[in-house]
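Visitor: I am new to this structure and would like to learn how to read it. Please show it to me and take me through its features.

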Amino acid sequence: MSKRRVRPAQQQPECQPRGDLRPLPEQRYVCRCGEELRLVRAGPRINDWAHVTLSGQRYRDDRPALLREDPARWWAQLRQRMAAGDMRAAQLYSTLTAAEILGGSPGRHYHHPEKTLTPPLEQPPPFCCEQPMWASPDGWACRVTRRVFPYTPTTG
Ligand SMILES: [Zn+2]
Ligand SMILES: [Zn+2]
């Protein structure tokens, strides 16, 4: 019976973060819809960020109330208006169906940061494994090994 050669364990890079491990100052962004955005934790157990408006909204829903509550009825009414020769209904119908075909949600969008409102950060990110670290909700994360180092408290 031949024994399979045991491969040596993969050498994990040793994480030695260098630099300032204090958290970054909060940044503000603006969406193309004009809403001001900030970062919040994406979920209780998800170490990632989500963009929300200052009132905590992740997306904007500008659809008519009936379209949100009863889409089938809303579309049926729109088709009836088109059949009756309503040009505005026909226009709306083509806009909305085009958006649906393209995979978008008509009248609804997730806020996305277009521009940063706050001035550029003066604090350079710490480095680990020769990469700038990522400021995750739990702390500075190494981009190579994904190890997270808690933020050091800010003093002064
Ligand atoms: Zn590292
Ligand atoms: Zn928006």
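Guide: Strand 2 and strand 3 form a hairpin, with two residues between them. Helices (DSSP runs of H or I, at least four residues) and strands (runs of E, at least two) are numbered from the N terminus. The model is a predicted one, in which local features need pLDDT of at least 70 and side-chain atom pairs count only at pLDDT 80 or more, while totals for chains, interfaces and linings use all residues. Residues are numbered from 1 along each chain as its sequence is written, and chains are lettered from A and ligands numbered from 1 in the order in which they are written.

Visitor: How many bridges join strand 2 to strand 3?

Guide: In general, strands of a sheet pair through backbone hydrogen bonds, either parallel or antiparallel. Here two strands count as paired if DSSP finds at least two bridges between them. Strand 2 (residues 36-43) and strand 3 (residues 46-53) run antiparallel and are joined by six bridges. Within this pair, arginine 41 stands opposite tryptophan 49 of strand 3.

Visitor: What is the order of the strands in the open sheet of four?

Guide: The order is 3-2-1-6, with antiparallel pairing. Strand 3 and strand 6 (113-116) are at the edges; each has a single partner strand, so one side of each is left without a neighbour in the sheet. From one strand to the next the twist averages 50 degrees, where axes are lines fitted to C-alpha atoms (for helices over the stretch in contact) and angles run from 0 to 180 degrees between N-to-C directions. Strand 1 (residues 29-31) pairs with strand 6 over three bridges, in the antiparallel sense. Valine 30 stands opposite lysine 115 in strand 6.

Visitor: Which strands stand at the edges of the open sheet of three?

Guide: That sheet has the order 9-10-11 and antiparallel pairing. Strand 9 (134-136) and strand 11 (148-149) stand at its edges, each with a single partner strand, so one side of each has no neighbour in the sheet. Strand 10 (residues 139-141) is joined to strand 11 by two bridges, and alanine 141 stands opposite valine 148 in strand 11.

Visitor: Where is cysteine 129 found, and is this residue buried or partly exposed?

Guide: A residue is buried if 20 or more other C-beta atoms lie within 10 Å of its own, exposed if 12 or fewer, and partly exposed in between, with C-beta atoms placed from the backbone. Cysteine 129 is in the loop between strand 7 (127-128) and strand 8 (131-132). With 16 other C-beta atoms within 10 Å, cysteine 129 is partly exposed. Glutamate 130 is found in the loop between strand 7 and strand 8 and is exposed, having 8 such atoms within 10 Å. Neither residue is a glycine, yet cysteine 129 has a positive phi of about 50 degrees and glutamate 130 one of about 65 degrees.

Visitor: Which residues does phenylalanine 127 touch?

Guide: Two residues are in contact if their C-beta atoms, placed from the backbone, lie within 7 Å. Leaving out residues up to four places away in sequence, phenylalanine 127 touches Arg18, Gly19, Pro132 and Met133. Phenylalanine 127 lies in strand 7. Leucine 21 is 106 residues from phenylalanine 127 in sequence, and their C-alpha atoms are 9.6 Å apart in space.

Visitor: How many helices and strands are in the protein chain?

Guide: The protein chain has three helices and 11 strands. Of its 156 residues, 4% count as buried.
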